[in-house]
Amino acid sequence: MQTEINFDGIIGPSHNYAGLSHGNLAATRNRGLVSRPRAAALEGVAKMRANIALGLIQGVLLPHARPDRHWLASLGTNYADAAPHLQAQALSASPMWAANAATVSPAPDTEDGRCHLTVANLVTMPHRSHEWPETLAQLRLAFANPAFAVHGPVPAPFGDEGAANHMRLAASHDAPGVEVFVYGEAGGPFPARQHREASAAIARVHGVKQALFVRQSDEAIAAGAFHNDVVAVANGRVLFAHEQAFADKENFFTDLRAALPGVEIVEVPAAQVSLEDAIRSYLFNAQLVTLPSGEMALILPAEARDTPSVWNWLQAHVAGNGPIRRLAVVDVRQSMANGGGPACLRLRVVADAVTIDPRFLVDDTRLDAIAAVIETYWPETIAQEQIGDPALIARIETAREKLLEMLRIVELIDR
Ligand code: SUG
C-alpha cells in the first residue's frame, strides 16, 4: 500500500548560526547567535514523536560528516588552514532540512510505475552545494529496493533545491497525481534558487505523466520566500497557499483544476495575513497531512500560534468548513532561527513502507535511542568564535559516528 512517509533530517551536532543564506531573512538576522545543537536535535526528535502519535509513519535522514573534509580537499585546503568563511561553509548542519534533499515523484505519477528520487544539487548556496554526494549515498541505501529509481543531481548551472519547490496533488496517495514544479526567475534582490530548466529536467527524468511548471512571484522571493514551501503546501486534493505566492495564479489555478477535478484551493488573502507575517511565522512551512481518520491536520511551528493575524485566520478556518480540520503545534525554534520550519525538516516519500531499508524508519523506541546519543554527544552550545576550535570539531565528528554506529548505518562513516 502506498502511504506517506516523512523522513526528517536529524539535526546535526554542528548546528550553528553563521548567516550563510542570502535571501533567507531568519538566517541572516540571526547570524552570530549562540546555537544550541543538543536542544535543536531534541526538538526535532520531539516533532517526530508527535507525528508518530498522530498515526503517521516516520523515517530519518542522517547528519552529514561535518566539517566536509572532502569538499575542503577539493578546494586545496583543510579545516585548520581554511579561511573562516570556508570553515563555516564546510561545517553547516544544513542537511537537516530534508525537504531540500531530493525531489520525489511517487510511483502512481510516473511512466514506469517506480518511485523516482533526484538528489538536489543545491548549487546556489556554497554551504549547501556539497551536500548532494552524501545525500545521494543515503538515498541509495534507504531506497535500494527496485520499487525506487534514485538519480544523481541535475548538472550545474541549473539550480535545484528539491522537494521544497515541488508539490503533488492527487485524489489519494495511491492515485495518479499532478506534480507542480515551482521555479523562480533572477532579477530581484535575492537569488532565485530553483531554475525552470532544472525542474523540467527532473520531470523528464522521472517520467512524470502530469506536470505543471509554475513561476514563483517575485514579491514572494523579495519578501524572503527563498523556497516555495515558505508560501505554499499541498496534500491530497488540497493546495494551501498565500495569495501572493505565484506569479500568474489565474492560469495556474485553471490548469490545476483541469488536471485534477475536485482540487480544493485554500488561499490566504494578503488583507488578512500579510506576506511578511506569513514568512515570519512560517504558516505555510507546515506539514499538511492526512491522518488515519481521513481528516487533514496542519503541523505548524509555534511561531504561527504567536502571530495574531495567522492564528486568527487558522482559528476561523478550522471553525468553518475548510478542509484543514486539526492544528498541531510543534516547537522547532532552533531550526526556525535558521529559516527552517516543520516542512523544511522533512522529505515526503509516498511508497510502501516494506520497500524501505528499516534502518531509516523510526518508532518511539528507536527515537529513545537516538535521543540518548544526542544527549550524550551533541555539543550544548556553539558560539561563532568557537568554530575554529579543534576540540569542538573532534566532538562534532565523534557525535555523528556514535549515532551511525548506534543505528548500524556504518556504510556512511568513511564515505
Ligand atoms: O537553505 N538555512 C536553510 C533553510 C532551508 C529551509 N528549507 C526549506 N524551506 N525547505 C537554507 O537557507 C542557514 C544556514 C546558515 O546560515 O548557517 C540555512 O542554510
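Strands (E, at least two residues) and helices (H or I, at least four) are DSSP runs numbered from the N terminus, and two strands pair if DSSP finds at least two bridges between them. The model is predicted: local features need pLDDT of at least 70 and side-chain atom pairs count only at pLDDT 80 or more, whereas totals for chains, interfaces and linings use all residues. Residues are numbered from 1 along each chain as its sequence is written, and side-chain values use heavy atoms, with hydrogens and water left out.

An open sheet of three strands has the order β9-β10-β11, with mixed pairing. Because β9 and β11 (264-268) stand at the edges with a single partner strand each, one side of each is left without a neighbour in the sheet. Neighbouring strands are turned by 10° against each other on average, direction ignored; axes are lines fitted to C-alpha atoms, for helices over the stretch in contact, and angles run from 0 to 180 degrees between N-to-C directions. Four bridges join β9 to β10 (residues 238-242) in the antiparallel sense, and Val 233 has Phe 240 in β10 as its bridge partner. Helix α9 (residues 249-259) lies across β10 and β11, at about 155° to β11; contact means heavy atoms within 4.5 Å.

## Cavities

On a 1 Å grid over the protein atoms alone, a cavity is a set of points where a 1.4 Å probe fits but cannot get out, while a pocket is an open set with protein on both sides within 12 Å along at least five of seven lines; lining residues have an atom within 4 Å of a point. Grid points are joined across faces, edges and corners, and a volume is the space filled by probe spheres set on the points.

The structure holds five cavities of 30 Å³ or more. The largest has a volume of about 330 Å³ and is lined by 25 residues, with His 166, Met 167, Arg 168, Ala 234 and Arg 348 nearest its centre. β15 contributes the largest share of this lining, five residues. By class, the lining comprises 15 nonpolar, five polar and five charged residues, where Ala, Val, Leu, Ile, Met, Phe, Trp, Tyr, Cys and Pro count as nonpolar, Asp, Glu, Lys and Arg as charged, and the others, Gly among them, as polar.

## Largest pocket

The largest pocket contains about 360 Å³ of space. Of its 19 lining residues, Thr 3, Glu 4, His 173, Thr 290 and Leu 291 lie nearest the centre.
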